[in-house]
Amino acid sequence: MSFLDELGSFLGSANNRSQILGDLLEHCYLALVPLVAGVVIAIALCWLGRTWRPMRGVLLAVANVVYTIPSLALFVVIPSVIGTKILDSINVVVALTLYTSALLIRPTLDALEAVPQQVIASATAMGYRPARRFFAVELPLAVPVLTAGVRVASVSNISLVSVGALIGVGGLGVLFTDGFQREYFSPIVVGIVLTLVLALVVDLLLVLLRRILTPWERASASARRAVPA
Amino acid sequence: MGAGIGFRSKGGARMISEIGDWFSDPANWRGAGGVPVRLIEHCAYVGIALVLAAIIAIPLGLFVGHTGRGATLLVGSGNAIRALPTLGLVTFLFLLIPKSTAAAIIGLVVLAIPPILAGTYAGLQAVDNDVVDAAEGMGMRGMQRLWQVEVPISLPLLLGGIRNAVLQLVATAAVAAYVGLGGLGRFLLDGLAILDYGEVAAGAVLTTALAIVLDVVLALAQRLLTPRGVRIAVKARRPAAKEVAA
């Protein structure tokens, strides 16, 4: 029970609580800004890949290499590439944006390519120009696959942010380095639990978002697949 | 030497010359803290953790994929482990089992299990039901069907899972240097501690190179180990797959 006492006294301090809340908010910022930026970049790049075919192979190759770079290595090299300070939180944001877009390129391309030719042909026949057709027809149909990728990226971002604590910017990760240096379990356990809860909440929100963005799926499900989607 | 931390860091050209200086200093290649030893250490952590994780994850994935029992639990717990923060897990285990390499290795194993499990399970899921029925119709027993039909067909996805696990392990082993583990992460963290940016960048280059080399080797293995029949089937299925997705 000594651990629970320790945990109680750790959380009992108002100072610790406000510190943890600050870390949690920073963690959200460091994980979610790159998620949104990464989705936008991946969609933009995939649009390029769709309109200009040679781009496709280049995109996949670059995405593969970026995704291979170990997180800590990327975190420490980014400052000298983009010329920021090492302790600047923008480094973590840029690194995670790179990972998110790299992770999303393949599923987004696959999803866009899975849009049936006859749907694209119908949209063209209805007078949709390529750009409008992309955003109004092709992209919405790619949403289910895209959200599956975004869910993976969000879990991975939320877990990776804490590595940033090793270069001084890590949201809840600061609780791990802090607990390690003081040989003190409570901050570490609180940090792990809050990271898991954050990942779960964001995941549920993404599932909800997917339902909102794909109303036709519910309609066709309630029609018991009488008409193939 | 690099006093750049905290100040504005230097441009790319300066960084490259510092990395060059670091690599050309023979002192960085000798002894227990030299590049060869650190590289071997890093590979050893990755190798040991990979083998242990595979011993746990492959049979479990085969069991669940073959019998279909516990699939929801498996997918759910796999996702939960993926959300575990690496650094949190490693520091937690290190305090639990004080001052031991075992703690870091256990952390690595835990993180390598989900990708292998997911790959094994997804591989078996990808086996066409008609193929399983055909094998059964030919009189194959459960185990025969598993080893002679389901495993060979699922091999590409299984190896894909192992590839993901290796990437995860190379990255995490570097992070685990924080709790005192050797390996290439030492250059990154020791360099940061003494504000030697050349060493930090050299560590980043070495870790990234190791990850890319291992990934390429495994991609080749994935291609070589895929049974010829499966390769033909995948090629034949590809144009049709787009139709099905409609």
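The model is predicted: local features need pLDDT of at least 70, side-chain atom pairs count only at pLDDT 80 or more, and totals for chains, interfaces and linings use all residues. Residues are numbered from 1 along each chain as its sequence is written, while chains are lettered from A and ligands numbered from 1 in the order in which they are written. Chain A has ten helices and zero strands. Helices (H or I, at least four residues) and strands (E, at least two) are DSSP runs, numbered from the N terminus.

**Chain A overall**

- Along the sequence, the pattern of chain A reads α-α-α-α-α-α-α-α-α-α.
- The C-alpha trace of chain A spans about 70 × 45 × 25 Å along its principal axes.

**Where the chains meet**

- Chain B puts 43 residues in contact with 39 residues of chain A. Contact is counted if the C-beta atoms of two residues, placed from the backbone, lie within 7 Å.
- On the side of chain B that touches chain A, at least two residues each come from α1 (12–24), α3 (71–83), α4 (86–96), α7 (142–175), α8 (185–193), α9 (197–225) and α10 (228–245) of chain B.
- α9(B) gives the most to that side, with eight residues.
- By class, this side of chain B has 27 nonpolar, eleven polar and five charged residues. Ala, Val, Leu, Ile, Met, Phe, Trp, Tyr, Cys and Pro count as nonpolar, Asp, Glu, Lys and Arg as charged, and the others, Gly among them, as polar.

**α5 and α7 of chain A**

- The axes of α5(A) (residues 90–113) and α7(A) (residues 130–160) come within 9 Å and cross at roughly 150°. Axes are lines fitted to C-alpha atoms, for helices over the stretch in contact, and angles run from 0 to 180 degrees between N-to-C directions.
- α5(A) and α7(A) are therefore roughly antiparallel. Angles under 35 degrees count as roughly parallel, over 145 as roughly antiparallel, 65 to 115 as roughly perpendicular and the rest as oblique.
- α5(A) passes α7(A) in a right-handed crossing. A crossing is right-handed if the near helix is turned clockwise from the far one by less than a right angle, and left-handed if anticlockwise.
- Residues making the contact include L96(A), Y99(A) and D110(A) of α5(A), and E138(A), V145(A) and L160(A) of α7(A).
- The contact of α5(A) with α7(A) has 15 nonpolar, five polar and two charged residues.

**Bends and spans**

- α7(A) has 31 residues, but its end C-alpha atoms are only 37 Å apart, short of the 45 Å that a straight helix would reach at 1.5 Å a residue. The expected span is 1.5 Å times one less than the number of residues.
- α7(A) bends by about 55° at V143(A), and a proline, P144(A), follows within four residues. The bend at a residue is the angle between axes fitted to the seven residues ending there and the seven starting there.
- The 33 residues of α2(B) (residues 35–67) should span 48 Å, and its end C-alpha atoms are 47 Å apart, which agrees.
- α2(B) has a kink of about 30°, centred on A54(B).

**Partners of α7 in chain B**

- The axes of α6(B) (residues 129–137) and α7(B) come within 10 Å and cross at roughly 160°. That makes α6(B) roughly antiparallel to α7(B).
- α6(B) passes α7(B) in a right-handed crossing.
- V131(B), V132(B), A135(B) and E136(B) of α6(B) make the contact with R145(B), V149(B) and I153(B) of α7(B). These residues divide into five nonpolar, no polar and two charged.
- The axes of α5(B) (residues 101–125) and α7(B) come within 7 Å and cross at roughly 160°. That makes α5(B) roughly antiparallel to α7(B).
- The crossing of α5(B) and α7(B) is right-handed.
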